[in-house]
Structure formats: structure tokens, C-alpha cells
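Reader: I am new to this structure. Can you walk me through how to read its features?

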Amino acid sequence: EVIEAAGTVLLPGFVDMHTHLREPGREDAETVRSGSAAAARGGYTAVFAMANTEPVADTAVVTDHVYAQGQAVGLVDVHPVGAVTKGLAGAELAEMGVMAASSAAVRLFSDDGHCVADPLIMRRALEYARGLDVLIAQHAEEPRLTEGAVAHEGPTAARLGLAGWPRAAEESIVIRDALLARDAGARVHICHASTAGTVELIRWAKDQGIAITAEVTPHHLMLDDARLESYDGIFRVNPPLREESDTRALRAALADGVVDCVATDHAPHAAQDKCCEFSQARPGMLGLETALGVVAQTMVAPGLIDWRGVADVMSVRPAQITGLPDHGRPIEVGETANLTVVDPDSAWTVRGAELASIADNTPYEDLTLPARVRATLLRGRVTCVDGKVRAR
Ligand code: DOR
Ligand code: ZN
Ligand code: ZN
């Protein structure tokens, strides 16, 4: 097969550390099959499927099911995330070991909700994770400070009469877990960093030699709380869209490596859960199919990173952090490679109805993005070309 690739950029296949595929439990929003198609269209060859399914992925029964579904669909490597687990009692930590040793070889864990809120449990989980050589991802939300919150606590929320989620709810957990990781000699990964303060705390922790890594979502790079004027539930997400100064700090942090990578936090919700008044909507946005375009717009177009930088933040770093041996590195001669072919100068307009996800609501509706994925190859096999997904 010949893919016309003149004028394109060849990148290592993208790795998404943070995808909600909703299966099992909310197949009206996404399934492993539909989410895998969205991933292939977005240029991804590996995704980590978050644990807050129904039932929660806190047993190998669930993680093995998600893994097997991903294998059966065959469009992207689906790596299930295991829950550090419900109630997080000591005995349940053992289930982490079972999941890590299972056929799915779970290497990334989070809480079921997905914040590990209790510091004692986080401490024990970090110690256990170090022993298992797996990574814990932290959603970084102090629930006592976010009860009832729907929007970033600031002037916009005050004016619109929306209950606010303070920066401290995120930042207090980031610094807490940096210190717990230091003491445990363990690694910790911060999900969806969203404030300028979080950036400074991660910078500090890295300077101390703490094994902390962090991701930023496309929506926190692009969007801020000015969008909430419309009261449109499409813009509700956790952590909330912050202020413009935060988006600037996050872009700079991604450019200089304080924030390691981009992760989508692709979080599909059915229409009835999103197309409603802001405070009633469920938090979460689609992300897999628009991530590359948003990164091109927010990072490449203003000259903050070049295409080599895109390879770093969307493939090399997440592959290193999660320990994927066949992603994000130079290809050997004769190897069946994981590749993403990007057209850097092909603007396209986002239409939710054209996306592969079951949910079709997107915060980028009608927005024109500057770059698109031409083709995706998983171990040498074309999984998507010009938006057309190739099932095996
Ligand atoms: O916006 C979000 N959606 N944030 C989360 O933390 C969870 C996610 C979801 O599962 O819908
Ligand atoms: Zn989260
Ligand atoms: Zn999430």
C-alpha cells in the first residue's frame, strides 16, 4: 500500500496516558471499539484506559476484559489503568499485584474516582507501587475543597454565579504527593495539570530530584473560563477551565519540559449529560481526534515547540513514563513501526457529528484547526488513512 506523504511530517505513534473509554458501564458514551477508532483517527497507537468504569477497574477481571477488547478491535494498544482501589484498605492493595501480573500487565494505576484523596492510603499505595515497579497517576483534587464546585473559582465564576473550584484543591494534592513520593522513593504522575501554581510546584519538586511527572490536556492549553459566559455544559470539565494566565503558564511549561507530556483526558458523555445548563452537565470533553490539531494551534503555530517537540510531548515522553518499549523511539531497520503521518498545513473544521466517538459533543465545534493526521500505523499496519478507519 502506498500512502501519498509528500509535505507530511512523520512522527512516532502517539501515546495517550489518559483516556476514558467508558467500557464497561457507559457504552452509550463510548466503547473500546468506538474509542479505538477515535484514537486511530487522532494518530494514537497506544492509549491508557482510565479505571473509573462501571464496575470500577479494581480487579483483574475488569482490566483483562478491557485489554482483551482492545486486542480484539486491534486499532490501538489499549492498556487498562487499574484502580488503586475502592476504600483502599490494605488487603485491596494486593489486587494491584494481581492486575500487574495478569495478561493485561497493568502498569499504571489511579484511584477509582480518580483521585487518591486519603494521604495515608496514597502513601501506602506509593510504597506498594515502587515494589511492583508500576506508576500511580494522581487526579489531584482535594474533594473537601471541590464539593459542589462546577467552575474555576475566580472572577468569571463569581460574576456568573457558579460555585468555584479553588486552585488550592489541585495544588495542595500536587505538593502533598510530591512529598509522599519523595519519602517513598516512588514515582508519581500528575494528571491534567491546570494551574500556574501547579507548574511552579512541579518545577520545585523536579529541582529537588523528586520522581514526579505531569501531563496537560489539550483543552487546558487552548480554552479558558471566558467560555463559560454561554453557560453551555460542553465547557464543563474537571479540573475546570482556568484563567488565560494559566493557559499561558501551561504552554510555557510544556515547551520547557516542566510539564512532560500532553494527555487528552478524553471523557465522552452522552448527549443528554452534556447538552444542558452548565451546572447540570457532567464534567468531561472529547479529546482524541482533536488533540494534534489543538497542539499544533497552541504550541507549534506560536513557535513554542517544533514538530520534534510534538513527537516528544505526544509520544516519546509518555512512552518513557509508562515504559512502552515499542513506542516513542527511533525505528530499527526492518521493524514494523508505530507511526503517525501528520499533514502540518491541512486546516480542517471540527464537526462533532463526524467524529468516531459515540458521543458527538465537542468544545471545538466549528473551530478550524491548522494540522491533521493523514495516517496512523500500528506495527506497520495502517489503522487509519484520511480519517477512514481500517478494521482488521
Ligand atoms: O472532566 C472529567 N471527566 N474529569 C474527570 O476527572 C473525570 C472525567 C470523566 O470520567 O468523565
Ligand atoms: Zn481527572
Ligand atoms: Zn480523566
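**Reading the model, feature by feature**

Author: Let us start inside. The lining of the largest cavity divides into seven nonpolar, one polar and two charged residues. Keep in mind that this is a predicted model.

Reader: How much space lies in the largest cavity?

Author: First the general idea. Rolling a probe the size of a water molecule over the atoms shows where empty space is left. Here, the largest cavity holds about 40 Å³ of space. The structure has one cavity of 30 Å³ or more. Among the residues lining the largest cavity are L21, R22, E23, M50 and V66.

Reader: And the second largest pocket: what is its volume?

Author: The volume is about 280 Å³. The pocket is lined by 15 residues, and R41, E289, W348, R372 and G387 are the closest to its centre. By class, this lining has six charged, five nonpolar and four polar residues.

Reader: Which elements each supply at least two residues of that lining?

Author: Helix 12 (291–300), strand 14 (348–349) and strand 16 (372–378) each do.

Reader: Strand 16 has come up. In which sense do strand 16 and strand 17 pair, parallel or antiparallel?

Author: Antiparallel, over four bridges. T376 stands opposite C384 in strand 17. The two strands form a hairpin with two residues between them. In that turn, R379 has a positive phi of about 45°.

Reader: Is strand 17 mostly covered or mostly open, and how many of its residues are buried?

Author: Mostly covered. Four of the five residues in strand 17 (residues 381–385) are buried. Why does C384 count as buried? Because its relative accessibility is 2%, and buried means under 20%.

Reader: Now cysteines. How many disulfides does a search of the whole structure find?

Author: The general idea is simple. A disulfide is a covalent bond between the sulfur atoms of two cysteines. A search of the whole structure finds zero. C115, for instance, is in no disulfide. The nearest cysteine sulfur, that of C191, is 9.5 Å away. C115 has 10% relative accessibility, so C115 counts as buried.

Reader: What about D118?

Author: D118 lies in the loop between strand 6 (108–110) and helix 4 (119–132). With 35% relative accessibility, D118 counts as partly exposed.

Reader: What is the strand order in the open sheet of six strands?

Author: The order is 5-6-7-10-11-12, with parallel pairing. The edge strands are strand 5 (82–83) and strand 12 (261–262), and each pairs on one side only. Strand 11 (residues 212–216) pairs with strand 12 in the parallel sense over two bridges. V216 stands opposite V262 in strand 12.

Reader: How far is the zinc ion (ligand 3) from the zinc ion (ligand 2)?

Author: The separation is 3.5 Å.

Notes:
Residues are numbered from 1 along each chain as its sequence is written. Chains are lettered from A and ligands numbered from 1 in the order in which they are written. This is a predicted model: local features need pLDDT of at least 70, side-chain atom pairs count only at pLDDT 80 or more; totals for chains, interfaces and linings use all residues. Side-chain values use heavy atoms; hydrogens and water are left out. Donors are N, O and S atoms within 2.8 Å of the metal (3.2 Å for Na, K and Ca); water is not among the atoms, so sites may look incomplete. A disulfide is a pair of cysteine sulfur atoms within 2.5 Å. Buried means under 20% relative accessible area, exposed over 50%, partly exposed in between (1.4 Å probe, protein chains only). Two strands pair if DSSP finds at least two bridges between them. On a 1 Å grid over the protein atoms alone, a cavity is a set of points where a 1.4 Å probe fits but cannot get out, and a pocket is an open set with protein on both sides within 12 Å along at least five of seven lines; lining residues have an atom within 4 Å of a point. Grid points are joined across faces, edges and corners, and a volume is the space filled by probe spheres set on the points. Ala, Val, Leu, Ile, Met, Phe, Trp, Tyr, Cys and Pro count as nonpolar, Asp, Glu, Lys and Arg as charged, and the others, Gly among them, as polar.
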